[in-house]
Amino acid sequence: MSYMTIEEQIASHLAFLKKEQFVIDDLLIDKGFIRCNMIGDSASRGELCYQTKKTLLRNGLIGLATWLRIKGGEIKTHKTYGLSNAKLPLEQDLTNIKDIECNAEAVEKVKLFWNMSDQIGEAEYLLKKGVGYYGIRFRQTEYGKVAVIPIGDTTGKICSYQLINADGSKRFAKNVEISGLLHMLQRPINGFPIGLAESYVTAASCFEVTGMAMVTSFSSENLKAVGIALRKRFPQSALIIFGDDDRHLKENKGKQTAYSTQNELGTVCQVVMPDFEGYPKSREFSDWNDYVRENGVKATREAIQRALNKG
């Protein structure tokens, strides 16, 4: 299944307006009602008008809706939806990227650990952060009620895990290199946008706000490798990076790696960053989970929509 690009949507709306005798060259989006002349009409004020709005849909697609009023006051509408970026061709050859190979002995230990973890339980840190449980398991340890996040490749093969302790500290399985590995909170569908975040908590927050299939890379250093892996496995999907703004650090790695990944993947990738202008430069105000807890779901959804519109 293929989806319209934003350019194709704009062309469709222009064709709709021209069919209704509007004199129009460029589609103005989110600019309120626009007056236009009718073909063959020389009046300067314009007797026709239209309004086009751009909306982030819950599945991560971008929708355009145009309302127009023709002579006599009749109202007509035209709606389309599609991917958030203008193009979907591969900007680089990804066919030669090798599938990730993991240490077989270490992976067997990971599988045993995973199978012996509880399918039902609680994770203290995730409760503190206010996010749900998506494809994870649980353990009760000396570190409290712990989340067990499976780590695997884009096929769903489990190779490692991350433990998130009650205090927020994290540990990984031994002897497994996780570069290019990830956790999918919801299995992506090729052709639908995919959200990518550094941490499970941020990915869970964005999944709950947008309904978009979300993936976590577990670190800023792994963001680019995961982006490339997703691009290879889901070539018709646009990638939206929900970046961390590490303003409190001397080197803002979260922001740098988000845009570096975007540059690597090209037009199929878009970055949306939380805006903490006016807030203290603190770790507590750096990611989308912080933004949700500070501003609420509705305001966060609107902020994401604005960020996507700018892209």
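On a 1 Å grid over the protein atoms alone, a pocket is an open set of points with protein on both sides within 12 Å along at least five of seven lines, whereas a cavity is a set of points where a 1.4 Å probe fits but cannot get out; lining residues have an atom within 4 Å of a point. Grid points are joined across faces, edges and corners, and a volume is the space filled by probe spheres set on the points. The structure examined here is a predicted model, in which local features need pLDDT of at least 70 and side-chain atom pairs count only at pLDDT 80 or more, while totals for chains, interfaces and linings use all residues. Residues are numbered from 1 along each chain as its sequence is written, and side-chain values use heavy atoms, with hydrogens and water left out.

With these terms in hand, the largest pocket can be described. Its space comes to about 770 Å³. The lining of this pocket consists of 29 residues, and Tyr125, Lys170, Asp244, Arg283 and Asp287 are the ones nearest its centre. By class, 13 of the lining residues are charged, nine are polar and seven are nonpolar; here Ala, Val, Leu, Ile, Met, Phe, Trp, Tyr, Cys and Pro count as nonpolar, Asp, Glu, Lys and Arg as charged, and the others, Gly among them, as polar. At least two lining residues come from each of α3 (124-129), β7, β8 (170-172), α4 (200-210) and α7 (288-295). Such helices (H or I, at least four residues) and strands (E, at least two) are DSSP runs, numbered from the N terminus.

The second largest pocket has a volume of about 290 Å³. Its lining is made of 13 residues, with Met273, Asp275, Ala303, Ala307 and Lys310 closest to the centre. Eight of the lining residues of this second largest pocket are nonpolar, three are charged and two are polar. Helix α8 contributes the most to this lining, namely four residues. The structure also holds one cavity of 30 Å³ or more, and the largest cavity has a volume of about 40 Å³. Among the residues lining the largest cavity are Ile194, Phe234 and Leu265. Helix α5 (residues 223-233) provides the largest share of that lining, with three residues.

The view now widens to the whole chain. The secondary structure of the protein chain comprises eight helices and 13 strands. Its C-alpha atoms fill a box of roughly 80 × 45 × 40 Å along the principal axes. Of the 311 residues, 50% count as buried, a word that means under 20% relative accessible area, with exposed being over 50% and partly exposed in between (1.4 Å probe, protein chains only).

The strands come next. Strands of a sheet pair through backbone hydrogen bonds, either parallel or antiparallel. Two strands are said to pair if DSSP finds at least two bridges between them. Three bridges link β1 to β2 (residues 48-56), and Cys36 stands opposite Leu48 in β2. Contact means heavy atoms within 4.5 Å; axes are lines fitted to C-alpha atoms, for helices over the stretch in contact, and angles run from 0 to 180 degrees between N-to-C directions.

Strand β6 (residues 144-152) has a partner on either hand, β5 and β7. Eight of the nine residues of β6 are buried. Five bridges join β6 to the antiparallel strand β5 (residues 137-141), where Arg139 stands opposite Val146 of β6; a hairpin of two residues connects β5 to β6. Towards β7 (residues 158-164), β6 runs antiparallel over six bridges, and Gly152 has Ile158 as its bridge partner. The hairpin between β6 and β7 has five residues, and Gly156 in its turn has a positive phi of about 100 degrees.

Another open sheet has five strands in the order β9-β11-β10-β12-β13, with mixed pairing. Helix α5 packs on this sheet, touching β10 (194-197), β11 and β12 (239-242), and its direction makes about 165 degrees with that of β10. Helix α6 lies across β12 and β13, running at about 165 degrees to β13.
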